Amino acid sequence: MLNLLIIDKDINHSRILLNYISENSNQVRVHSIANNLLEGIKILNTGFIDIILINLDDTIESIVINLHMISNSYFEKYRKSFLLLSDNINCVRSDSFIYEYMSSSEDISIIFLKINEIANNKIMQLNNSILLSKINRELEYIGYNLSYNGTKYLSECIALIYSNSDCSENLNKNIYPILAKKYHKSINTIKCNITTATNCMFYECDENRLKNYFNFYTPCRPKPKLVIYTVLNKLYTST
């Protein structure tokens, strides 16, 4: 279950939200309720919160500025985790913390749907993080240096294909462009970095481990595509 913090000026509104979420959600629970931002930030700095709903009289600018009192160690955790209700959503301010602004008079059911949307994104990110950890363990086992950009790109290639088998037909067409756009690199740079990391792996990996992992008769340098599909096979057979 993901933990929701409600920071609300109206205790009755908070209770209605609490009851509605308790009755309708199987993935979000109300962890805490605060009636002002400073109290809420103290709770946020415990690190126990996943999603935050704010409904206060403070100006949007004031709220967004004060959110940066959150401990730096939780900045990434709370990125796009805030749903901010306001009477004046025309004066919105872009910020890395804010997922969306909504009218404070919005129906509870609509607010709940948006909370669930944030929750689904959080769960997807968590699942992807677990998947990348499994992939990195496989890559590190055969000698990849996890500090190399090429290893990071290779790991994400494998994760993309694992999560969407339709992407696996053509790496140049379906996978490398996604990474190139994400990291603002050319497709050729992505491919070259992956090849460099793979070449380094070949020189670092124990010969017997290399042969056993890829079912080689003699040690030879695997191409990135073989690495991708071998690791994928390991993942498929382990689940």
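Mentor: Start with Lys114, which is buried at 15% relative accessibility; buried means under 20% relative accessible area, exposed over 50% and partly exposed in between (1.4 Å probe, protein chains only). Keep in mind that this is a predicted model, in which local features need pLDDT of at least 70 and side-chain atom pairs count only at pLDDT 80 or more, while totals for chains, interfaces and linings use all residues. Residues are numbered from 1 along each chain as its sequence is written, and side-chain values use heavy atoms, with hydrogens and water left out.

Side chains of opposite charge can pair when their charged atoms come close. The term salt bridge is used for a side-chain nitrogen of Lys or Arg within 4 Å of a carboxyl oxygen of Asp or Glu. By that rule the structure has six of them.

Lys114 forms one with Glu100, at 3.2 Å from N to O. This pair links distant parts of the chain, 14 residues apart: Glu100 belongs to strand S5 (residues 98-103) and Lys114 to helix H4 (residues 108-141). Helices (H or I, at least four residues) and strands (E, at least two) are DSSP runs, numbered from the N terminus. While Lys114 is buried, Glu100 is partly exposed, with 29% relative accessibility.

A second pair is Lys182 with Glu156, where N and O are 2.9 Å apart. Here two helices are linked, since Lys182 lies in H6 (residues 171-183) and Glu156 in H5 (residues 149-163), 26 residues apart. Glu156 is buried, at 14% relative accessibility. Some salt bridges share partners, and in this way Glu100, Lys114 and Glu117 are joined into one network.

Another salt bridge brings together Lys77 and Asp50, at 3.3 Å from N to O. Both residues sit in loops: Lys77 between helix H3 (60-67) and strand S4 (82-86), Asp50 between helix H2 (37-44) and strand S3 (51-55), with 27 residues from one to the other. Of the two, Asp50 is buried at 15%, and Lys77 is partly exposed at 30%.

The helices named above also have a neighbour in H9 (residues 224-238). Its buried residues pack against H4, H5 and H6, as well as helix H7 (187-204) and helix H8 (207-214); contact here means heavy atoms within 4.5 Å. Among the buried residues of H9 are Val227, Ile228 and Leu235.
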